[in-house]
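Student: Please put the model up first. I would then like to go through it by question and answer.

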Amino acid sequence: MTVAASRPPTPASPEPAGVDNRLVVGGAALTWRSLPMPTLPDPAAVLARSAVHALTAARQHAVYGTELLLSTASRVDAVLRTELLEAGFTVGVLDDDGVHPSAPARPRAAEPGRLWLLTSGSTGRPKRVGHTLDTLTTVRADQPDRTWLCPYAPGTYAWWQVVTLSLTQPGQHLVVVEPDELDDWPTVASTHGVDAASGTPTFWRRTLYRDAQALARVPLRQITLGGEPVDQAILDQLREVFPTARISWIYASSEVGASIVVHDGRAGFPVDWLDRETPGRPTLSVRDDELVVTSPYHGAGLVGPVRTGDRVQVLDGRVLITGRLDSDEINVGGSKVSAGVVRGVLAGHPAVAWARVTGRRAPVLGRMVVAEVVLAAADPSRADTGVPDEAALVRWCADRLPEHAVPRRIRVLTDIPVKETLKSDV
């Protein structure tokens, strides 16, 4: 593995504090310091060919302050590529031979230190959100030494969260897995001493579904979840496998940064956190069932309260994030149903590994609740984990939900669907 590297003449910043942390990427053991640094145009929209190329671009930015948007080619279609060129970025694929650039028709001056993130596109097309390494670095206190697994797509908010931790904190080592390693990541993690891992709930569910025994052999002391609604079922499943690990869920987005961190093993966060103003910390509010965040880590140009687009429900003293506002609510004959709440009930069945809940057009009612599930393998040691049929799952929901919220159709899938962002459409 080689990466073309001729350095710009004068660094804008000293080497970051984590420069000697260990990196494992593509099976090779490196450090941040040993990574070559490519020469990048400025401003640059870099489409990294692989994980190591993304890491080289991140280090280059940390040292030289190049205005940078980092992504993979698969997340930038022809329309977005044109938009980036029109915005003055030089767009290029970064591989072992360096950057293969397409220059903008109207070049512009770079904004030193600016980092751009692409949102996940859950509300439509991805859009750019401006940050800096400082606003992306939300872990600042000294941390116990850890070796972190990074399974995320380069350039996403979650990827930058793990990368900035390793860049800025001594003792925070990094094992990066490529997309073709995801199905076997527990083996990679065990081989390289991973004891901390961050992933979406879909990432954890998929791993438990495919090989829970291999996962249990990874000596995890820190487990982090984020990027999707986190329900009690997945927290309980991880606690069963890792009874002594610290399990945390984090609410974060490109727009408002990392805003909620919960370590108590329960879904949602305490209701008394709402409207609590603490210097240097985000303020959380609810308006019309929507989570609103005022954050010191927000993206460029965002000030004051930011409406997140995420729907919340207050239940038993907890504020639960159930899904996107524009897709979570299903109107069944005038009664409102939260798809996230129904999904949580289905996921709580001991034989269900994953669930998705949506609304479907229906005569008279207008919409009806339908679901898709992936069933876990039956556990012969437990009497409650036989393989249920559709009727049994409907009865399970009927015992726990009002009548209008019970799914009328439940389809069984053979595998848990996952996107490049490690999320499902839930």
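Student: Which residues lie nearest the centre of the second largest pocket?
Tutor: This is a predicted model, in which local features need pLDDT of at least 70, side-chain atom pairs count only at pLDDT 80 or more, and totals for chains, interfaces and linings use all residues. Residues are numbered from 1 along each chain as its sequence is written, and side-chain values use heavy atoms, leaving out hydrogens and water. A pocket is an open set of points on a 1 Å grid over the protein atoms alone, with protein on both sides within 12 Å along at least five of seven lines, and its lining residues have an atom within 4 Å of a point. The second largest pocket is lined by 33 residues, and those nearest its centre are Pro151, Glu178, Pro179, Leu182 and Leu422.

Student: Which element gives the most to the lining of that second largest pocket?
Tutor: Helices (H or I, at least four residues) and strands (E, at least two) are DSSP runs, numbered from the N terminus. Two or more lining residues come from each of strand S3 (44–48), helix H5 (185–191) and helix H6 (201–216). The largest share, six residues, belongs to H6.

Student: How many residues in the lining of the second largest pocket are charged?
Tutor: Asp, Glu, Lys and Arg count as charged, Ala, Val, Leu, Ile, Met, Phe, Trp, Tyr, Cys and Pro as nonpolar, and the others, Gly among them, as polar. The lining has 20 nonpolar residues and four polar ones. The number of charged residues is nine.

Student: How do H6 and H7 lie to each other, roughly parallel or oblique?
Tutor: The axes of H6 and helix H7 (residues 232–241) come within 11 Å and cross at roughly 10°. In their contact (heavy atoms within 4.5 Å), Trp204, Arg205, Leu208 and Ala216 of H6 meet Ile234, Gln237, Leu238 and Val241 of H7. Angles under 35 degrees count as roughly parallel, over 145 as roughly antiparallel, 65 to 115 as roughly perpendicular and the rest as oblique. H6 and H7 are therefore roughly parallel.

Student: How many residues of each class make the contact of H1 with H4?
Tutor: Helix H1 (residues 51–64) and helix H4 (residues 157–168) pack at about 60° with axes 12 Å apart, which means that H1 is oblique to H4. Ala54, Leu55, Ala58 and Ala62 of H1 touch Trp159, Trp160, Val163 and Leu167 of H4. By class, the count is no charged, no polar and eight nonpolar.

Student: Which residue does a cis peptide bond join to Asp42?
Tutor: Most peptide bonds are trans. The cis bond at Asp42 has an omega of about 5°.

Student: What is the phi of Asp288?
Tutor: Most residues other than glycine have a negative phi. Asp288 lies in the loop between strand S16 (283–287) and strand S17 (290–294). Although Asp288 is not a glycine, its phi is positive, at about 50°.

How values were computed. Axes are lines fitted to C-alpha atoms, for helices over the stretch in contact, and angles run from 0 to 180 degrees between N-to-C directions. On a 1 Å grid over the protein atoms alone, a cavity is a set of points where a 1.4 Å probe fits but cannot get out, and a pocket is an open set with protein on both sides within 12 Å along at least five of seven lines; lining residues have an atom within 4 Å of a point.
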